[in-house]
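Here are my notes on the model you sent over.

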Protein chains: 2
Amino acid sequence: MGEFDLIRRFFTRPTPHAVLGVGDDCALLQSAPGMQMAISTDMLVGGRHFFADTDPLALGHKCLAVNLSDLAACGARPLAFTLALALPEADEAWLAPFAQGLLALADAHGCELIGGDTTRGPLNICITVFGEVPAQSHHARRPLVPTSALLRSGAQAGDDIYVSGTLGDAALALQALLGRVALPPEVLAQARQRLERPSPRVALGQALRGVASACADVSDGLAGDLGHILERSGLGAEVEVDRVLPLLAARRYYPGGEAQFDQQIGATLKAQHPQALALQCVLAGGDDYELVFSAAPAERAAVQQAAAQSATPVTRIGTMQASPGLRLVDGLGRSVAPQFASFDHFSAAQPSPHRP
Amino acid sequence: MGEFDLIRRFFTRPTPHAVLGVGDDCALLQSAPGMQMAISTDMLVGGRHFFADTDPLALGHKCLAVNLSDLAACGARPLAFTLALALPEADEAWLAPFAQGLLALADAHGCELIGGDTTRGPLNICITVFGEVPAQSHHARRPLVPTSALLRSGAQAGDDIYVSGTLGDAALALQALLGRVALPPEVLAQARQRLERPSPRVALGQALRGVASACADVSDGLAGDLGHILERSGLGAEVEVDRVLPLLAARRYYPGGEAQFDQQIGATLKAQHPQALALQCVLAGGDDYELVFSAAPAERAAVQQAAAQSATPVTRIGTMQASPGLRLVDGLGRSVAPQFASFDHFSAAQPSPHRP
């Protein structure tokens, strides 16, 4: 038996929910009656989507987390996943922690490893994840697709826009690790957790079924992923700067507070505006794995209930509008875009799971 | 819009059967009542599983073919697949024929592309394929897994062993392309078709549900893949040399016939026995994407009917036995292993889709 056969055995585990797991030509899954299978796939390439020397335990966690985040965005309950892995060598010292990080997150979400492939090659990790959602739509607004899954389409003008958790800390940590900003150690440690061990919002996604009118996960940055909802729903949006800036946790927890962060960190990248770096992290940082979603104003109590039920903070950040485009506004609805017009300081060469 | 976004659009097509296809966080599939989803994933790495300069049209075909072959081995009807693709550059001159080859085979099998991921990186193609099989087992012998899918387990001592189509020609073509044997051009052309454009036995697999007691696809070579059935079924087998040697089509079509092949080609690799090369190709060549399966002797007519119904030739090659191990025998059941004891001339460095 070769090294790679040994590795396959490493990933062969009991699959109490699947009809058949690893070991045959195919795995077998059976949906409960009236359920649909939600499917997503992500390929992560070493040196491109993550640093080659990334802690394998954290990497194992993150590879599955980015896939579970796609299920969360659809409101799907995780069921199972397949893992295809190309490795330069069969290095058990790397594989043991990688499998540990991967399978710990899988177990936490009841998501079984049902199949896969292992081969020699440049480091590449491809996961396909399966979840389930009821076929029947609880949401009266979306007649086109017969599903209760949350989709990017379905938002209406006048809907509130929300995001879960915090945004931008992963991007800030990456800038710090690349040596572009200097963060106090305790701030970096916290931000780095967000970069390396994201928490897919699986429980919130399920709680939002029948409540949210549209949903996407924030993997490429809020502006881009809210942009997907706008595009698929044929809408525009106003987002309030004063509501999104506090979403950068590092800024709130910075010694001396937000003003100190803006002065000390915002200034290091020679931004035109002291809040430009924070806004860049929040709007375009990426790697957040939060949810951005819309819901009718009549659903505000239901949104809060979904947040409470899933123990996930959500923040209302703006409003869907009929006229296309994403507009940044202050608390009075006045455009603030000119202040932040030029803050594209980030290099495209940084590794990020969602950069093509 | 970046190059890779353009490429994603390249693969975004209508999905009449899926609830939702490419373009959201997840795709949605719904099984018909009483059906199970069969799932398989294969990762192919450039330079390892295929030559870097392989015709992209043929490569697109083959990447999906190796996955459909896994569905065939389970008797599943193809439904859909996801494609994750890492490319060194966004080269449309490569991608157009790749997509053409891939999607032509997909269309031929009604297998929809429902999702995927495209990224920059060393060439890597990862496909996860979905098929369906009835949950209820028609086969009385296999009570452990509640499925009508063909599994590697389930064979019984006394069962006949069959293979579909032809075996070994892909491996022979590879040896010729590597310059290790010299084939007449018309023989090479035919063998090369088998290497580059395998035909997954999807119709045969479905026709064998309720007939075959166990099944696997032949991707690593007959001996290895029959070995999987033996291992999972807890059995051994006798395979008749005189029944498997004719499965190498190139040997039958060789100018002057089989004896000429053995003399001229078998001799080039300094085999101890003139038929050793042919046997090596048939038993251990790999890349065949045929089916090897077992069935009770009472099912001989049903096997022939399944073969006729699917227009796929099948050959009975041996018998399942209680005592473990795979034995090569002559027509009288006498072991012939010593004659072929040493014929391991193939290098492990050859590219092959199923070499780890």
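At roughly what angle do the axes of helix 4 and helix 5 of chain A cross? Point 2 has that; first, some ground rules.

1. **What we're looking at.** This is a predicted model, where local features need pLDDT of at least 70, side-chain atom pairs count only at pLDDT 80 or more, and totals for chains, interfaces and linings use all residues. Residues are numbered from 1 along each chain as its sequence is written, with chains lettered from A and ligands numbered from 1 in the order in which they are written. Helices (H or I, at least four residues) and strands (E, at least two) are DSSP runs, numbered from the N terminus. On that count chain A has twelve helices and eleven strands.

2. **Helices 4 and 5 of chain A.** The axes of helix 4 (residues 169–177) and helix 5 (residues 185–196) of chain A cross at roughly 115° and come within 7 Å. That makes helix 4 of chain A roughly perpendicular to helix 5 of chain A. For the wording, 65 to 115 degrees is roughly perpendicular, under 35 roughly parallel, over 145 roughly antiparallel and the rest oblique. Axes are lines fitted to C-alpha atoms, for helices over the stretch in contact, and angles run from 0 to 180 degrees between N-to-C directions. The crossing is left-handed, that is, the near helix is turned anticlockwise from the far one by less than a right angle (clockwise would be right-handed).

3. **Who touches whom there.** Contact means C-beta atoms, placed from the backbone, within 7 Å. Helix 4 of chain A brings residues including A:L172 and A:A176, while helix 5 of chain A brings A:L188 and A:L195, among others. By class, this contact has eight nonpolar, no polar and three charged residues. Here Ala, Val, Leu, Ile, Met, Phe, Trp, Tyr, Cys and Pro count as nonpolar, Asp, Glu, Lys and Arg as charged, and the others, Gly among them, as polar.

4. **Helices 2 and 3 of chain A.** Helix 2 (residues 56–74) and helix 3 (residues 92–108) of chain A have axes that come within 7 Å and cross at roughly 40°. They are therefore oblique to each other, and this crossing is right-handed. The residues that meet include A:L57, A:H61 and A:L64 from helix 2 of chain A, and A:W94, A:F98 and A:L105 from helix 3 of chain A. That contact divides into 14 nonpolar, four polar and no charged residues.

5. Have a look at the open five-strand sheet, order 1(A)-2(B)-5(B)-3(B)-4(B), with mixed pairing. Strand 1 of chain A and strand 4 of chain B stand at the edges, each with a single partner strand, so one side of each is left without a neighbour in the sheet. Neighbouring strands are turned by 20° against each other on average, direction ignored. Helix 2 of chain B packs on this sheet, touching strands 2, 3 and 5 of chain B, and its direction makes about 25° with that of strand 5 of chain B.

6. **The cross-chain join.** Strand 1 (residues 27–29) of chain A pairs with strand 2 of chain B in the antiparallel sense over three bridges; pairing requires at least two DSSP bridges. A:A27 has B:I39 as its bridge partner, and A:L28 stands opposite B:A38.

7. **The wider interface.** How many residues does each chain give to the contact? Chain A gives 53 and chain B gives 53. On the chain B side, the largest share, nine residues, comes from strand 2 of chain B. That side has 29 nonpolar, 15 polar and nine charged residues.

8. **Two spots in chain B.** Five of the five residues in strand 7 of chain B are buried. Strand 7 pairs with strand 9 (residues 290–295) of chain B in the antiparallel sense over five bridges. B:A176, in helix 4 of chain B, is buried, with 20 other C-beta atoms within 10 Å. Leaving aside neighbours within four places in sequence, B:A176 is in contact with B:V181, B:L183 and B:L188.

Key: Two residues are in contact if their C-beta atoms, placed from the backbone, lie within 7 Å. A residue is buried if 20 or more other C-beta atoms lie within 10 Å of its own, exposed if 12 or fewer, and partly exposed in between; C-beta atoms are placed from the backbone.
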